[in-house]
Amino acid sequence: MPIRNIAVGHPNEATQPDALKAALAEFISTLIFVFAGEGSGLAFSKLTAGGAANPAGLIAAAIAHGFALFVAVSVGANISGGHVNPAVTFGAFVGGNITLLRGILYWIAQLLGSTAACLLLKFSTGMTSGGFALSAGVGVWNALVFEIAMTFGLVYTVYATAVDPKKGSIGTIAPIAIGFIVGANILAGGAFTGASMNPAVSFGPALISWSWENQWVYWAGPLIGGGLAGLVYELFFINSSHEQLPTTDY
């Protein structure tokens, strides 16, 4: 069972050079991702003179976030695993693939990276992102379920392409698969919740604009979805014994 693999970690772990390097990598990767993702939203707002969101803006956001996450995961993969998301880190923790202390270190780095990206955008553009908000007619419980489902798909993809020890050569496409699922989820949920799937992405803009309305949805949803994905994949596909199909059978 995954629960047996959960570990708190040694207190000295937070000061180990490799852990600090991994945290720095998470900070930089999250900064890259949020700067590009939030920057695309600000650019669209400027080009449309602050007009209402439309399908073109949704597509632009999906492409920008998908491309940026592909790069952010790729540059951090060999150092920290390229989590770039507290929900991914939490999913890895409940699946027994990262210790609690190292996970907290990642969380701090991710939140700081998002905040730094939003500060850079505010300084360089003079504009402040309004952060994530629910669309008219969307209730908080509807939004919560949406965020759980989207983040489940994201973290499940991370497990299948990057964490699973049987991933083989498919691991080489993990960053692009992760970027694709985020882009697809933005197309699906962007018009309803903004499609965060990432507490760090929600935290930075909320802090800089000091707008915390329904912020709990963008934490609870992704963490629940990420945790469920980690448990499901570890329980049914990693810890359970099964034979992998020969390549010729695919």
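Tutor: A cavity is a set of points on a 1 Å grid over the protein atoms alone where a 1.4 Å probe fits but cannot get out. This is a predicted model, so local features need pLDDT of at least 70, side-chain atom pairs need 80 or more, and totals for linings use all residues. Residues count from 1 along each chain, and side-chain values use heavy atoms, without hydrogens or water.

Student: How many cavities of 30 Å³ or more turn up?

Tutor: The search covers the whole structure. With a cutoff of 30 Å³, the count is one.

Student: How much space lies in the largest cavity?

Tutor: Volume here is the space filled by probe spheres set on the points, which are joined across faces, edges and corners. For the largest cavity, that comes to about 60 Å³.

Student: Which element gives the largest share of its lining?

Tutor: Lining residues have an atom within 4 Å of a point; here they are E38, L42, C118, L121, K122, M127, T128, S129, P205 and I208. Helices are DSSP runs (H or I, at least four residues), numbered from the N terminus. Two or more lining residues come from each of α1, α4 and α7. The largest share, three residues, belongs to α4.

Student: How many residues of that lining are nonpolar?

Tutor: Asp, Glu, Lys and Arg count as charged, Ala, Val, Leu, Ile, Met, Phe, Trp, Tyr, Cys and Pro as nonpolar, and the others as polar. The lining has two charged residues and two polar ones. The nonpolar count is six.

Definitions and conventions
On a 1 Å grid over the protein atoms alone, a cavity is a set of points where a 1.4 Å probe fits but cannot get out, and a pocket is an open set with protein on both sides within 12 Å along at least five of seven lines; lining residues have an atom within 4 Å of a point.
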